[in-house]
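Please consult the sequence and the model alongside the text.

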Amino acid sequence: MSIAATFKALKPSPVLSWKSTGRLQQTVANCVERLGRGLHSGDTFKVKILPAAAGLGRYFIFRSVVIPASINYAVKETPLCTTLSKDGCSIRTVEHLLSALEGSGVDNCHIQIDGDDEGDRSAEVPIFDGSAREWVEAIKQAGLKVAGDDKGESCDKLAPYLTEPVRVVRNDSFVAAFPCSKVNISYGIDYPQVPTIGRQWFSSSFSDDSFYSEQIASSRTFCIYEEVEEMRKLGLIKGGSAETAMICSKSRGWLNPPLRYNDEPCRHKVLDLIGDVSLLAQGGNQGLPVAHIVAYKAGHSLNTELVRHLSGIN
Ligand SMILES: [Zn+2]
């Protein structure tokens, strides 16, 4: 696919302008496989990441159904994780894997996911330690290469530049994005009922390639000890344990220290945001918009709402 064809395939958005990054689209150089349990289902799934042609982007294959990692297939209102669904098949908790792929520059890849239960129509990406570290290491093991299209030609990688401010708001939570010459993310969380977490702020530019792997990828998800039982009663986090998340008690603080960063919960929210916003990617181009994104107490539902807004699909 030529640059022009790639550009033509991009759906127009009133607030985005696709421009060259000056780089070529990449894919993994070799296949790499990981096996682990899903956080919510508790079931074991095998994920195989394979090279894909330029222009195809990132897509999952489960039960022979191809599910592109695109906002068009994201299920609305899934607060605890991000779920993709197509033709009766769904894949839960895609955000950490997608965050690692976007942050590591894997623009195109085929992701085969398989579980033990042959009749199951729902898969879940393994949680590992609750961060994206396992995926970043898997990508390093696989290596990267320039992706060729169906004619074997390389393709320019485009990035979506934001052209005007946008915001999505829900109660006191919001995600806003402002036009900017580079990718900046500022994030705030506030847990007045859990003083050990309390208020945290994280703000950084993402212009440096190694920033994601060194400062974001290893930050783990977290949960509030007193809320865990409630979630278990709802049939969630069946695969959750002290090895899959940082656990914080309202009265006793962190139950499974040490933390990897003082502001690890806030950094993990940035990791999640990158994974969710990567659903803006199309045709092997960058998903993360070139913008200053400012998020406060947001979650997966609000993140994907922003992407729908940016895509012009709601
Ligand atoms: Zn997460």
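With 9 C-beta neighbours inside 10 Å, glutamate 77 counts as exposed; a residue is buried if 20 or more other C-beta atoms lie within 10 Å of its own, exposed if 12 or fewer, and partly exposed in between, with C-beta atoms placed from the backbone. Glutamate 77 lies in the loop between β6 and β7. Although glutamate 77 is not a glycine, its phi is positive, about 55°. Helices (H or I, at least four residues) and strands (E, at least two) are DSSP runs, numbered from the N terminus.

Serine 64 belongs to the loop between β5 (58-62) and β6 (65-68). This residue, too, is not a glycine and has a positive phi, of about 65°. Serine 64 is exposed, since 7 other C-beta atoms lie within 10 Å.

## Basis of the model

The model is predicted: local features need pLDDT of at least 70, and side-chain atom pairs count only at pLDDT 80 or more, whereas totals for chains, interfaces and linings use all residues. Residue numbers start from 1 along each chain as its sequence is written.

## Overall architecture

The protein contains seven helices and 20 strands. Its C-alpha trace spans about 60 × 45 × 35 Å along the principal axes. For 314 residues, a compact globule would have a radius of gyration near 20 Å, and the 19 Å of the protein agrees with this; the radius is taken over C-alpha atoms, and the globule rule is 2.2 Å times the number of residues to the power 0.38.

Of the 314 residues, 45% count as buried. Among contacts between residues at least 6 apart in sequence, 78% join residues at least 24 apart; two residues are in contact if their C-beta atoms, placed from the backbone, lie within 7 Å.

## Strand pairing

Three strands form an open sheet of mixed pairing, in the order β7-β8-β10; two strands pair if DSSP finds at least two bridges between them. β7 (84-86) and β10 (122-124) are the edge strands, each pairing on one side only. From one strand to the next, the twist averages 15°. Strand β8 (residues 89-92) runs parallel to β10, to which three bridges join it. Serine 90 has serine 122 of β10 as its bridge partner.

Antiparallel pairing links β13 (residues 166-170) and β14 (residues 173-179) over five bridges, with valine 166 opposite alanine 177 in β14. The hairpin of these strands has two residues between them, and asparagine 171 takes a positive phi near 50° there. β14 is also joined by six bridges to strand β20 (residues 291-296), in the antiparallel sense. The bridge partner of valine 175 in β20 is alanine 295.

## Packing of helices α2 and α3

Helix α2 (residues 95-104) packs against helix α3 (residues 133-142) at an angle of about 45°, the axes being 8 Å apart. Axes are lines fitted to C-alpha atoms, for helices over the stretch in contact, and angles run from 0 to 180 degrees between N-to-C directions. The two helices α2 and α3 are therefore oblique to each other: angles under 35 degrees count as roughly parallel, over 145 as roughly antiparallel, 65 to 115 as roughly perpendicular and the rest as oblique. The contact involves His96, Leu97, Ala100 and Ser104 of α2, together with Trp135, Val136 and Ile139 of α3.

The buried residues of α3 are Glu134, Trp135, Val136, Ala138, Ile139 and Ala142. Their cover includes β2 (26-28), β3, β4, α2 and α4 (209-216). Glycine 143, with a positive phi near 80°, follows α3.

Isoleucine 111 is in strand β9 (residues 109-115) and is buried, with 23 other C-beta atoms within 10 Å. Not counting residues up to four places away in sequence, isoleucine 111 touches Val47, Ile49, Arg58, Tyr59, Phe60 and Ile61.

Glycine 42 occupies the loop between β3 (32-37) and β4 (44-51). With 16 other C-beta atoms within 10 Å, glycine 42 is partly exposed. Its contacts, not counting residues up to four places away in sequence, are Arg37, Lys238 and Gly239.

The peptide bond from proline 257 to proline 258 is cis, with omega near 5°. Proline 258 lies in the loop between β19 (253-254) and α6 (264-277).
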